[in-house]
Amino acid sequence: MKVGDRVRVKDSVVVYHHPEHRNQPFDIKGTEGDVAAIATLWRDRPVSANLPIVVKFSKKFKAHLRENELEVI
């Protein structure tokens, strides 16, 4: 998986920061987006992020996810 890949959320993932459902549980299973970044470096130092894949679903909505929660389309 690399930056720019089109991905789909394959597992049930509940988020509370979706712009249309602010502060309410919202399941993003089946939602498609593009990989915006992979968090491996911070200030030129290696990091081991718990949720390393940043996926941009829309102009206002991004989420950090694990690789096993996504599938490449």
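Modeller: A hairpin of five residues connects strand S7 to strand S8. Strands here are DSSP runs of E with at least two residues, numbered from the N terminus, as helices are (H or I, at least four residues). The model is predicted, with local features requiring pLDDT of at least 70 and side-chain atom pairs pLDDT 80 or more, while totals for chains, interfaces and linings use all residues. Residues are numbered from 1 along each chain as its sequence is written, and side-chain values use heavy atoms, with hydrogens and water left out.

S7 covers residues 53-56 and runs antiparallel to S8, with four bridges between the two. Two strands count as paired when DSSP finds at least two bridges between them. Ile53 has Leu65 as its bridge partner in S8. In a regular strand, side chains alternate between the two faces of the sheet. S8, residues 62-65, has Ala63 and Leu65 on a covered face, and Lys62 and His64 on an uncovered one.

The charged side chains come next. A salt bridge here is a side-chain nitrogen of Lys or Arg within 4 Å of a carboxyl oxygen of Asp or Glu. By this rule there are six salt bridges. One of them links Glu32 to Arg6, with 3.6 Å between the closest N and O atoms. Glu32 belongs to strand S4 (residues 32-38) and Arg6 to strand S1 (residues 6-9), so this pair ties together parts 26 residues apart in sequence.

For exposure, buried means under 20% relative accessible area, exposed over 50%, and partly exposed in between, with a 1.4 Å probe and protein chains only. Glu32 is partly exposed, at 31%, and Arg6 is also partly exposed, at 37%.

Arg6 also forms a salt bridge with Asp34, at 3.3 Å from N to O. Asp34 lies in S4 and Arg6 in S1, so the contact ties together parts 28 residues apart in sequence. Asp34 is partly exposed, with a relative accessible area of 33%.

Glu32 has a further salt bridge, to Arg8, at 3.1 Å from N to O. Here too the residues sit in S4 and S1, Glu32 in the former and Arg8 in the latter, so parts 24 residues apart in sequence are tied together. Arg8 counts as partly exposed, at 28% relative accessibility. Through shared partners, salt bridges join Arg6, Arg8, Glu32, Asp34 and Glu71 into one network.
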